[in-house]
Amino acid sequence: MPQEIRILPIRELKGNDVSRHNPYAYTKYPVCGFDPELGDAIPQCQISVYDIPPLCSNYPYHYHENSTEIFYILEGRGVLETSTGNHPVTAGDFIVIPPGEKGAHLLRNASFSVTLRYLDFDAVARTDEVYYPRSAKKGIIYRDGRPNEFLRDGKPVDYYDGE
């Protein structure tokens, strides 16, 4: 847990180019949560700012079994793909994504030229199961330093396999 109150100006957050696997690309700016670089171990939540380049998504279509995600669109516009269809989102919108199949989603930047920036606040479980219905994969997400696992039919696969 943090030992003191911190004020973190968004312009001073350190970004990590986490993914560059077409059509998935993003820069993640961790604020708090389980992140060894931050020196934090906050088991209840994980907060980050994401930048998604034009016409990209940050993650494949998926849902969490044990975590709720809350997005707040800071800049740009996008499309939230869900099991009920595609929903336009724009700066000023909150998106609340429950755990379970009804929370399956993919956030895509709909712009040809402007970055989509959003705040991601997750109420997380220490270990989470993430399902990728379009590629028939299951992910086991560990928030204790262990490497995450991605499986299809019980066998290890690459994160982007089938995407």
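Visitor: Is Cys 45 buried or exposed?

Guide: Start with the cut-offs. Buried means under 20% relative accessible area, exposed over 50%, and partly exposed in between (1.4 Å probe, protein chains only). Cys 45 has 14% relative accessibility, so Cys 45 counts as buried. Cys 56 is buried too, at 12%.

Visitor: What should I know about the model itself?

Guide: This is a predicted model: local features need pLDDT of at least 70, side-chain atom pairs count only at pLDDT 80 or more, and totals for chains, interfaces and linings use all residues. Residues are numbered from 1 along each chain as its sequence is written, and side-chain values use heavy atoms, with hydrogens and water left out.

Visitor: How many disulfides does a search of the whole structure find?

Guide: A disulfide is a covalent bond between the sulfur atoms of two cysteines. The test here is a pair of cysteine sulfur atoms within 2.5 Å. The search finds zero.

Visitor: How do I read strand pairing? Which strand do eight bridges join to β3?

Guide: Strands are DSSP runs (E, at least two residues), numbered from the N terminus. Two strands pair if DSSP finds at least two bridges between them. Strand β3 (residues 45-52) is joined by eight bridges to β10 (residues 116-123), and the two run antiparallel. Val 49 has Leu 119 of β10 as its bridge partner. Strand β5 (residues 68-75) also runs antiparallel to β10, with seven bridges. There, Glu 69 stands opposite Asp 122.

Visitor: What is the strand order in the open sheet of five strands?

Guide: The order is β4-β11-β12-β13-β14, with antiparallel pairing. The edge strands, β4 (63-64) and β14 (155-156), each pair on one side only. Two bridges join β13 (residues 149-152) to β14. Leu 151 has Pro 156 as its bridge partner in β14.

Visitor: Which residues is Thr 27 in contact with?

Guide: Contact means heavy atoms within 4.5 Å. Thr 27 sits in strand β2 (residues 24-32). Thr 27 is buried, with a relative accessible area of 12%. Leaving aside neighbours within four places in sequence, its contacts include Asn 16, Arg 20, Val 49 and Tyr 50.

Visitor: Which residues form a nonpolar patch on the surface?

Guide: Patch residues have over 30% relative accessible area and no salt bridge; nonpolar side chains (Val, Leu, Ile, Met, Phe, Trp, Tyr) are joined within 5 Å, like charges within 9 Å. A salt bridge is a side-chain nitrogen of Lys or Arg within 4 Å of a carboxyl oxygen of Asp or Glu. Areas come from the Shrake-Rupley method with a 1.4 Å probe; for residues, only the protein chains shown count as cover. Ile 10, Leu 74 and Leu 119 form the patch, with about 200 Å² of accessible area together. Leu 74 lies in β5 and, at 31%, counts as partly exposed.

Terms used
Helices (H or I, at least four residues) and strands (E, at least two) are DSSP runs, numbered from the N terminus.
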